[in-house]
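Okay, everyone, thanks for coming. Let's take a few minutes over one structure and start with a single helix.

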Amino acid sequence: MEIHCKIKEILNERGVKQTFVAKKAGVSLAAFNVLANNRGLPTLEVAYRIADVLDLPVEEIWVKQNNSPVST
């Protein structure tokens, strides 16, 4: 299963800087950049902290991509 992070799109729509969200969520800017560039996934706790700052549900920030087959 692939997960796509929509942080960049959300921040662009809102005119918010990554540094602001990272600081408010208690995440280093380097770690936040990794997440925003889809090079890693956050822990559940970090995902919820970022979601709280953005006032969005986690599943609106990290979206499951349906192009991957599910193995049984």
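So, what covers the buried residues of α1? The cover includes β1 (2-5), α2 (18-25), α3 (29-36), α4 (44-54), α5 (58-61) and β2 (62-65). Quick background: this is a predicted model, where local features need pLDDT of at least 70, side-chain atom pairs count only at pLDDT 80 or more, and totals for chains, interfaces and linings use all residues. Residues are numbered from 1 along each chain as its sequence is written, and side-chain values use heavy atoms, with hydrogens and water left out. Helices (H or I, at least four residues) and strands (E, at least two) are DSSP runs, numbered from the N terminus.

Back to α1, residues 7-14: its buried residues are Ile7, Ile10 and Leu11 (buried is under 20% relative accessible area, exposed over 50%, partly exposed in between, with a 1.4 Å probe and protein chains only). Looking down the axis, these fall within an arc of 95°, so they line one face of the helix; the arc uses directions from the helix axis to the C-beta atoms. On the face turned away sit the exposed Asn12 and Glu13. Just after α1, Gly15 has a positive phi of about 65°.

Now follow Ile7. Leaving out residues up to four places away in sequence, Ile7 touches Phe32, Ala36, Ile50, Ile61 and Trp62, where contact means heavy atoms within 4.5 Å.
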